[in-house]
Amino acid sequence: MREGPVNTPALLRAVPVTASPSADMEIVTRCRRGDTQSWRTLYDRFAPVVYRFLSAFGVPMEDREDACQEVFVAVYRSLGRFRGEARLSTWIYRIAARHASRTARRRRVRGLLSTLLVREPPPPPAPDPSERSERLQVLDELISKLSPKKKLVLVLFEIEGVPIEEVAKIAGCPENTAWSRLHYARAELTAMARKRVR
Amino acid sequence: MNRRSWPGTSDSDPADEFLRRALDDAALRGPDDVTLRRGWAAVAEPVKTPRTRTWAWFAGGVATTAALVLIGGLWVWPRAVATFALVSPGRPAPAQVEVALGTRRLTLEGGVEAQLGSSSVMRIEDGAPRIEKGEVRFSVPHRPPRHPFIVRADDYSVVVVGTKFGVAVDGRAVGVDVNEGVVEVRRTSDQRRLARLSPGEAWRSGEVSVETSAAPPPASPAPPLPISAVSSPAAAPARLAAPIHGHARAARAAARTLALTTPGEGAGGGRASGTAATTIANDGASAAARAALSGGDTMKALQIYRALALKTGPVAENAAYEVGKVLNEKMDQPEGAVAAWRRYRLDYPDGILRAEADVSIIETLVRAGSADEALGEANDFLRRRPDSERRAEIARLAGDLYRARGDCRRAIAAYQIVLGASRPRDIVEVANFHRAACLVRLGDAAGADAVRAYLRAYPSGRFRSEAAALVVDGAHAADGRARAQ
C-alpha cells in the first residue's frame, strides 16, 4: 500500500499506470519507429485508464467508445511531439482531457441543434453492466454540475489517483491553484451530495 | 477497508459515506473486454512514423517523389514488356505463364496473388487459372458469396471463398494444401465434392480421405520477394510468356513467402491492410452502424456491418463479428448469429475476436437449447485454448451442461478447471457449489467437506440455502449408514 499525505486519495482502487520516464520514452520511441507491438502495449496499458477518465469526466456512454478511440488516434498522431519531459500518463491524460472538453462542446451544439430543429432525441442506449450502480449515476450527475476546471482536478485526483503535481501539469496551472480547485470542488460536491442523500 | 482521507472517515454522515463509495465505484469502472478489443481494431493500423518537425515534411516530400518515380518505373517496365509480347506481329500470345527456374509472383483479377514455384506452368482459361505443372500458391482475399475463386488442375477444381492455399501438379497427380480458411476440391466433370480442407490439411488426388499434414505455419517470418518479381495488377491476366530465371534453390522458400506475407498483415493476427486513413473512414461506417443500432434501425446497422465485413483489416474483422451480435441480440436469430460467427472463425482463424466468437457461439447454442453442440464447442475451446481468459467461463458452462445431463463426473472435471483458472469470483462460487453438490450426489466422502467449505467461503452466497440443505441431507444419510452398520 502507498503511504502519502493527508490528501492522498483512495488506496483501494486503480492507481494510474506508472512507469519510469526512460521506459515511457522507450515505448514511445518504438511506436515512432512503427513497432506495432509497442503500440499495442501502449494501448493495452492506457485504454482502460482513458476510458475510465472519460467516464468520470462525464462523456456519456454512447460517445465514450468513439471518444476513447479518438484519443488514441490523437495520441498516435502526436507521438512525435512527446519529449519525455512529463510522464507518458500525464501527457495522455492531457490529450484525453482536451478531447473530453471537445466532446462536451460538440454534445452541447448537437443538443442545441436538436432543440432548434425539434428533432426526436435518440433513445437511450441499453445500460452498460458497469454502470448498474445507482451511486455511480448520481455521482456522474453531481460531478457534471462542477465547472470544467474543478471537475478536471477532482476527477484526476479523487478518481484517477494522480498526484497533485501531475494534476497541476495536466490542468496547466500552478500546484497551489490545483489544490485550491480541489478544495472548492470537494466542498461543492459534498454540499450537493448532502442535499441529494438525506 | 477504505483509507480515503476525503470525504470524512465517519460513517455517521450518509453523504460522506455515499461519496466514498461512489468515488471508489468510479475508480473501478472500466470498459469490458469487447469494447477494448473493438477499440484496438479501430486504432491498430500499421504504425507509421508520426509527423515531427517542418524539415521532416521537406524530407518526406523528396522521399515520396523518389519513391513514386521508382514505383512508376517498376510498374511501367513489366507492363511494356507484356504489351510487346501481346502486339508483336506473328507471335501468338499464349495465355500462359511459365517459370523455368526461380519463382514468379502475379496478381490476378480480384486481388488474388499467385506465387508460381520453380518449373511451374499456369494457364488462364475463361478467367480462371489452370495449373498444368509444378506448384502454385494462392492468397485469395475474401470473396462475396456465390463468387468463389476456382483453380483447376487436371480433372479437379479447387473452390475457394477467401484463403491461402497451394496447388501442386506432378504428372497426373494433384495436391492441395491449406494455410488459412477453407477450400473445397471438386471433380470438374461432375462437380462432385471430393474434400473440404481446413488449415493444416492437405489432399492428394487418388486418396479417399482428407489427410492432415504439416502445412507451413502461417506466422513465421520470411523475407518478401524483390519488387521486380511482382507484376502489376494491370499486367496480370496471364498473357505473359516470358520465362523467369532465378535461383532454383530459393524457389521453395519463396513459394511459401506469399502465404506468409500478405500485405498489411499486422498485429492481432487479422487481415489488416490499407492505410490509417482507410481505417478511420471505415470506423466512420462502424460509428454509423452503432448509431443506427442505438436509433433502432437494426437492418441498416446489419447492412453496414455486412458491407464492412467484405473489406479487409481490423474494422472488417470487427464488423464480421458484429454481424453475429446484431443477429443474435437485436433480431433474435440465434442460428444466423452462430453461422455468422462460424464464418468469422473461418475468415479469421487467429483473429483478435476469435475467443469472443467461440464464447458467443457456445452461449448462443446453450440458450437455443442445442446442448450437445454447445458441449462440443465448449470442449473444443477448452482443448485449444489453455491460456484463454474466458476459460473459467466456458468450463463453468460445460460443467452446467454435463450436470443437466446427469453426468456428474464430467461436471466435476469441468468445475475443477474453473477452480484452476484465473477467474471472476462469481464464476468460482458457482463452480464451487455445483462441484460440491455433484460430489454429494455421487456419494463421494469429500462431498460434505466441499459443501461446508463452500458455506465457509461464501457465508452469504447465493446457494447458501441449498448448501445448508445438502449438509442436513448428508448428515441424515451418514446417520442412516451408521445405524445400518
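Reader: What covers the buried residues of H10(B)?

Author: In this predicted model, the cover over the buried residues of H10(B) includes helix H9 (354–367) and helix H11 (391–405) of chain B.

Reader: Which residues of H10(B) are called buried, and what makes a residue buried?

Author: A residue is buried if 20 or more other C-beta atoms lie within 10 Å of its own. In H10(B), Ala374(B), Leu375(B), Glu377(B), Ala378(B) and Phe381(B) are buried. They cover an arc of only 165° around the axis, and therefore lie on the same side of H10(B).

Reader: Which exposed residues does the face turned away from the buried side of H10(B) carry?

Author: That face carries Asp372(B), Arg383(B) and Arg384(B). Exposed means 12 or fewer such C-beta atoms.

Reader: How do you know that the span of helix H10 of chain B agrees with its number of residues?

Author: Helix H10 (residues 371–384) of chain B has 14 residues, which at 1.5 Å a residue should span 20 Å. The end C-alpha atoms are 20 Å apart, so the two values agree.

Reader: What makes strands S4 and S5 of chain B a pair?

Author: Strands pair if there are at least two bridges between them. Five bridges join S4 (residues 121–125) to S5 (residues 128–140) of chain B, and the strands run antiparallel. Arg123(B) is opposite Arg130(B) in S5(B). Two residues lie between the strands of this hairpin, where Asp126(B) has a positive phi near 50°.

Reader: What is the mean pLDDT of chain A, and where is it below 50?

Author: The mean is 81, with 81% of the residues of chain A at 70 or more. Residues 1–16 of chain A are below 50, and this stretch has 32 contacts beyond near neighbours in sequence. Where pLDDT is low, the predicted coordinates should not be read in detail.

Definitions and conventions. Residues numbered from 1 in each chain as written. Chains lettered and ligands numbered in written order. Predicted model: local features only at pLDDT ≥ 70, side-chain atom pairs only at ≥ 80, totals over all residues. Helix = DSSP H or I, 4+ residues; strand = E, 2+ residues; numbered from the N terminus. Expected span 1.5 Å × (residues − 1). Arc of directions from axis to C-beta. Contact = placed C-beta atoms within 7 Å. pLDDT = per-residue confidence, 0-100.
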